[in-house]
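Thanks for coming, everyone. I have one structure to walk through today. Please take a look at it before I start.

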Amino acid sequence: MKCLDYPPVWLLAFMCAAYALAGVGVGFTVPPLVALVGWILIALGVGLMGVAAFTMWQHKTTVIPHKRPSAIVTNGVYALSRNPIYLGDVFTLAGFALLCGSSMGIVLVPAFMAVIQKRFIIEEEQKLRAGFPQDFSVWAKKTRRWL
């Protein structure tokens, strides 16, 4: 199962759940403004993921959660959030839930954040703290985990 334990797999699973829950509870017809917000959130999320991954690539370090980082990245979008790729996932999930008209899907967003934090962020922060203790400490004090 370790081969499936990656953030995009979790995001896809939560998106499927949001889609499935669109018919449960209080579903709603998606007004054009809500659809626009959904698309904007998805675009913001995908863009944020792309910029963050590119920044990691520039620093020649991995974006793969289970690998040891070769550098700590604290500039660019990483100066705004310690986890911009995961934040992009959150925006994407929220936008998708809106597009599905899934009020229950919106409830999945904090659950997704909890799973990502438990499955990936805690371990990644431990690796960064061990590999770059001084830099991580300074960065963690001035940059929030999510936003």
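I will go from the overall fold to the core, then to the charged pairs and one backbone detail.

Keep in mind that this is a predicted model. Start with the fold. The protein has five helices and zero strands. Reading along the sequence, you get α-α-α-α-α.

Now the dimensions. Along the principal axes, the C-alpha atoms fill a box of roughly 50 × 35 × 25 Å. The radius of gyration is 16 Å. For 147 residues, a compact globule would come in near 15 Å, so the protein agrees with that expectation. The accessible surface is about 8,200 Å², and 71% of that belongs to carbon and sulfur atoms. Of the 147 residues, 41% count as buried.

Next, contacts. Take those between residues at least 6 apart in sequence. Of these, 78% join residues at least 24 apart.

The largest nonpolar core has 31 residues. Which of them touch the most other members? They are Y78, L93, F112, I116 and W146. Helix α3 gives the most, with eight residues.

Stay with W146 for a moment. Leaving out residues up to four places away in sequence, W146 touches S81, Y86, L87, V90, M113, I116, Q117 and I121. Note Y86 in that list. Y86 also takes part in an aromatic pair.

There are four aromatic pairs in the whole structure. In one of them, the rings of Y86 and F120 have centres 6.3 Å apart.

Now the charges. Side chains of opposite charge can pair when their charged atoms come close. Here the count is four salt bridges.

First up, R119 with D5. Their closest N and O atoms are 2.2 Å apart. R119 is in helix α4, D5 is in the segment before α1, and 114 residues separate them. Buried or exposed, where does D5 fall? D5 is buried, at 6% relative accessible area. R119 is partly exposed, at 35%.

Next, R82 with E125. The closest N and O atoms lie 2.7 Å apart. This bridge links the loop between α2 and α3, where R82 sits, to E125 in helix α4, 43 residues away. R82 is buried at 13% relative accessibility, and E125 is buried at 7%.

E125 has another partner, R145, with closest N and O atoms 2.5 Å apart. R145 lies in the segment after α5, so this bridge ties together parts 20 residues apart in sequence. R145 is partly exposed, with a relative accessible area of 22%. Through shared partners, R82, E125 and R145 form one network.

Last, the backbone detail. Most residues other than glycine have a negative phi. K60 is not a glycine, yet its phi is positive, at about 55°. K60 is in the loop between α2 and α3. At 68% relative accessibility, K60 counts as exposed.

That is the tour. Questions are welcome.

Technical notes:
Residues are numbered from 1 along each chain as its sequence is written. This is a predicted model: local features need pLDDT of at least 70, side-chain atom pairs count only at pLDDT 80 or more; totals for chains, interfaces and linings use all residues. Side-chain values use heavy atoms; hydrogens and water are left out. Rings of Phe, Tyr and Trp (its six-membered ring) pair if their centres lie within 6.5 Å; planes under 30 degrees apart count as stacked, over 60 as edge-to-face and the rest as tilted. A nonpolar core is a set of buried Ala, Val, Leu, Ile, Met, Phe, Trp, Tyr and Cys residues joined through side-chain atoms within 4.5 Å. Buried means under 20% relative accessible area, exposed over 50%, partly exposed in between (1.4 Å probe, protein chains only). Helices (H or I, at least four residues) and strands (E, at least two) are DSSP runs, numbered from the N terminus. Contact means heavy atoms within 4.5 Å. The radius of gyration is taken over C-alpha atoms; the globule rule is 2.2 Å times the number of residues to the power 0.38. Accessible areas come from the Shrake-Rupley method with a 1.4 Å probe; for residues, only the protein chains shown count as cover. A salt bridge is a side-chain nitrogen of Lys or Arg within 4 Å of a carboxyl oxygen of Asp or Glu.
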